[in-house]
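Subject: Structure handover and notes

Hello,

The sequence and structure are below, followed by notes on what turned up. Please read them side by side.

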Amino acid sequence: MKKKRLVVIGGGFAGLNLAKQVDSNYFDTWVIDKVNHHQFQPLFYQVASARIEPSTISFPFRKIFQNHKGVHFVLAKVSSIDVSSQSVRTDNGDYTYDYLVIANGCSSNFFGNAKIEQHALGMKSTYEAIQIRNNILESFEKSEFSEAHMNIVIVGAGPTGVELAGAFAEMKQNILPKDYPNKDFSCLRIILVEGSAHTLNSMTEPSKIASEAYLRKLGVELQFQTFVKDYDGDQVTLSTGQMIPCKNLIWAAGVSGNTIDGLPQDLLVRGNRYKVNRLNQLIGFNNLYAIGDIAYMETPLYPNGHPQLANVAINQGKLLAKNLKSIVNQSQPKPYEYNDLGSMATVGKHKAVVELPFIKFQGYLAWFVWMFLHLMLILSVRNKLLIFFNWAWNYLANDSSLRLILGKSKKE
Ligand SMILES: Cc1cc2nc3c(=O)[nH]c(=O)nc-3n(C[C@H](O)[C@H](O)[C@H](O)COP(=O)(O)OP(=O)(O)OC[C@H]3O[C@@H](n4cnc5c(N)ncnc54)[C@H](O)[C@@H]3O)c2cc1C
């Protein structure tokens, strides 16, 4: 049988797991990504707060695919899909397909506010995490502290916002007094702005209460039921009317799907996601699929779509690899359903919340469980060891030695 040509747009959790599991006896697979490495997004905040090096959570695709016969990598940004000629257009050539899988994830959602988008710092790529690190460290280097340089405003108190706020608060407590013995960092404010009444809204009450208490203990200022109305790079305007001088506003307040030109508009639903059936097939097409964050699938258990989480993306990728083979073989594919294994977030040393299907807990144990599970998810033994070493060092010394300003900051 002639092998089918499978094109996968995006090598994130969904696309990578699909490509690694697909049967190379049936498919020649082309993974197209605009960056040359897979990114482990859950630890972006540790890059942004100078705790780990970007290379430990970024994995070159060509290295990953060395042992995957029949999987090819293309460094290119996909701009459009032409369904009639079955091809995708990129800034590095056109690629035809028999089967196409869209797995290109999401970007920060600025809810249409172009000014905020222009000036705020997002955290949706390793590159953006490095930009945050550069900006923050440059602010600390200013010979004269202005109030704007000393106010870090983080928007959105989901896991990303909470983890980032906790990390900067610990940096203020443990590291900055040692790095800058002649400067007084008591004026450094870490302000977490959230539209709802709590942190970690997707979790249960005890986790919300614990995470808020941890943040307050670390000195993070919490502003609930507040929205950012405007930001010009120097000043944040809040919905309460309050204005905060601020050079570093970090946006962790939601995501929107990375849509691609060429597909019917009516496939798009809330959050700019593509509506798919239980096989991740785009409605109305039998050779187009969407998986991961970009896919919106309604099921009896999740009538409003699945949460945009790594676990969903990984399992949709793995299942689609099997289903594509079944489809080519004309046997029965299996519908997807999300098996919720729980959620967790960490605020700082010994401060974390964990919710598993059978037990919920906080504090020391939660923090160790969080570290262990994240370490297990990191690709490659080498990176696991590097991160473990970094964490162990940080734990014992309450310090890290990674505060490099590399490249340009965003607002020069
Ligand atoms: C800061 C942060 C922290 C998170 N923490 C957690 C967590 O703790 N636990 C959890 O379960 N989930 C977490 N998530 C969510 C999780 O990372 C996502 O659900 C997951 O990455 C989705 O996988 P994906 O493959 O759909 O998309 P992604 O992993 O985003 O991958 C998309 C890929 O597509 C590529 N791409 C995009 N557009 C194009 C284009 N036009 N052409 C070519 N390539 C393109 C990108 O470069 C990227 O490699 C976090 C997300 C963020 C941003």
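Gly271 is partly exposed, because 16 other C-beta atoms lie within 10 Å of its own; a residue is called buried at 20 or more such atoms, exposed at 12 or fewer, and partly exposed in between, with C-beta atoms placed from the backbone. Gly271 sits in the loop between β19 (268–269) and β20 (273–276). Helices (H or I, at least four residues) and strands (E, at least two) are DSSP runs, numbered from the N terminus. Leaving out residues up to four places away in sequence, Gly271 touches Ser256 and Gly257; contact here means C-beta atoms, placed from the backbone, within 7 Å. Gln118 is 153 residues from Gly271 along the chain, and the C-alpha atoms of the two are separated by 20 Å.

Before the rest, two notes on the source. The model is predicted: local features need pLDDT of at least 70, side-chain atom pairs count only at pLDDT 80 or more, and totals for chains, interfaces and linings use all residues. Residues are numbered from 1 along each chain as its sequence is written.

Two residues other than glycine have a positive phi. Ala50, in the loop between α2 (44–48) and β4 (58–60), has phi near 60°. Ala50 counts as buried because it has 23 C-beta neighbours inside 10 Å. Gln86 has phi near 50° and lies in the loop between β6 (78–82) and β7 (87–90). Gln86 is partly exposed, with 17 other C-beta atoms within 10 Å.

Next, helix α1 (residues 13–21). Seven of its nine residues are buried, so α1 is largely enclosed by the rest of the structure. The buried ones are Phe13, Ala14, Gly15, Leu16, Asn17, Leu18 and Ala19. They pack against several strands, including β1 (4–9) and β2 (27–33), and against helix α8 (310–328).

The axes of α1 and α8 come within 7 Å and cross at roughly 30°. Axes are lines fitted to C-alpha atoms, for helices over the stretch in contact, and angles run from 0 to 180 degrees between N-to-C directions. The two helices are therefore roughly parallel; that term covers angles under 35 degrees, with over 145 roughly antiparallel, 65 to 115 roughly perpendicular and the rest oblique. The residues of this contact divide into nine nonpolar, five polar and one charged. Nonpolar means Ala, Val, Leu, Ile, Met, Phe, Trp, Tyr, Cys and Pro, charged means Asp, Glu, Lys and Arg, and the others, Gly among them, are polar.

Last, the cores. A nonpolar core is a set of buried Ala, Val, Leu, Ile, Met, Phe, Trp, Tyr and Cys residues joined through C-beta atoms within 7 Å. The largest has 63 residues, of which Val153, Val155, Ala165, Leu249 and Ile250 touch the most other members. Helix α6 gives the most to this core, with eight residues. Leaving aside neighbours within four places in sequence, Ile250 is in contact with Leu121, Met123, Ile132, Ile154, Val155 and Leu164. Apart from this core lies another, of 49 residues, among them Phe27, Phe59, Ala290 and Leu320.

Regards

Conventions
Contact = placed C-beta atoms within 7 Å.
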